[in-house]
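Please study the sequence and the three-dimensional structure shown below.

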Amino acid sequence: MYIFDIDGTLLYTIDTISYYINKALADFGLGNLPKEEVRKNVGNGPVVLVKKCLSYLGIEDKQSLEKVLAYYNKIYDDNPSYLTKPYPGIKEELEKIKQRGELLVAFSNKPDSTCKKVLVDIWGRDYFDMILGFKEEIERKPSPEGLYIIGQRFGEKMTDIIYFGDSEVDIKCGRNAGVFTVACAWGFRDKDFLIQQNPDAIIDSPDLINTIRRV
């Protein structure tokens with residue numbers, strides 16, 4: 001089984017995330033963040049993203065967090081594919097996985113409904129064997145709970161899973177679950193930083209995805 005994070009791994013979404021977070025902030029008259037600052041805050045889901053972006057602007061109160069978060073989630077979910085595109089070569093590598101008859105799953109801290117919308121927009125319905133985004137009843141990454149749920153659904157052992165992600169959150173999640181964890185250096189974190197997180201493997205470009213196989 002091959003499991004992929006979405007933001008920064010399957011999809012280039014930083015322009016989308018930056019656009020919507022800045023629209024949410026601007027519509028409440030709260031300011032604006034450079035894209036690079038937004039990029040640093042991606043990986044732990046929208047609650048952490050909005051909280052860190054507000055903190056960067058010197059805004060710490062709960063009321064601002066709640067109203068900006070709710071608005072950000074709404075406008076993002078209304079059109080999640082805006083400015084989003086697959087990384088070059090990703091589609092071809094996923095096709096190779098599917099042609100071998102392997103299970104293919106997408107797993108993210110992004111809200112579940114948004115994950116499903118954007119992946120259906122880009123790959124079509126039923127392309128992935130399962131899509132799992134954040135739900136209230138499931139702990140966010142780096143908790144391994146989501147990976148356990150995916151494995152159990154298909155009767156897969158954790159040792160038979162390869163998980164690809166682009167952040168320290170993904171690496172911790174994979175290692176917590178006992179799956180083979182691959183860091184993707186084309187995403188939202190620098191390669192040197194990813195190396196320090198001790199993934200099982202690290203690859204520089206999507207065309208290397210299929211060089212990683214179960215032992």
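**From the core to the sheet**

Leaving aside residues up to four places away in sequence, Leu 10 touches Phe 4, Asp 5, Pro 86, Tyr 87, Ile 90, Leu 94, Ala 106, Trp 123 and Phe 128; a contact here means heavy atoms within 4.5 Å. The model is a predicted one, in which local features need pLDDT of at least 70 and side-chain atom pairs count only at pLDDT 80 or more, while totals for chains, interfaces and linings use all residues. Residues are numbered from 1 along each chain as its sequence is written, and side-chain values use heavy atoms, with hydrogens and water left out.

Leu 10 also belongs to the largest nonpolar core, which has 49 residues; Leu 10, Leu 94, Trp 123, Phe 128 and Phe 164 touch the most other members. A nonpolar core is a set of buried Ala, Val, Leu, Ile, Met, Phe, Trp, Tyr and Cys residues joined through side-chain atoms within 4.5 Å. Buried means under 20% relative accessible area, exposed over 50%, and partly exposed in between, with a 1.4 Å probe and protein chains only. There is also a second, separate core of 15 residues, and among its members are Met 1, Ile 3, Met 130 and Tyr 163. In soluble globular proteins, nonpolar side chains tend to be buried together.

The next topic is the sheet. Helices (H or I, at least four residues) and strands (E, at least two) are DSSP runs, numbered from the N terminus, and two strands pair if DSSP finds at least two bridges between them. An open sheet is formed by 6 strands in the order 5-4-1-6-7-8, with parallel pairing. Its edges are strand 5 (130-134) and strand 8 (201-203), each of which pairs on one side only.

Strand 1 (residues 2-4) pairs with strand 4 (residues 104-111) in the parallel sense over 3 bridges. Ile 3, a member of the second core, has Val 105 as its bridge partner in strand 4. Strand 4 is mostly covered, since 8 of its 8 residues are buried. Strand 4 also pairs with strand 5, in the parallel sense over 4 bridges, and there Phe 107 stands opposite Leu 132 of strand 5.

Some individual residues complete the picture. Thr 13 is found in the loop between strand 2 (11-12) and helix 1 (14-27). Its relative accessibility is 2%, and therefore Thr 13 counts as buried. Apart from residues up to four places away in sequence, Thr 13 touches Asp 7, Gly 8, Tyr 76, Thr 84 and Phe 188. Ile 75 lies in helix 4 (residues 62-78) and is buried, with a relative accessible area of 10%.

How many disulfides does a search of the whole structure find? The search finds 0, a disulfide being a pair of cysteine sulfur atoms within 2.5 Å.
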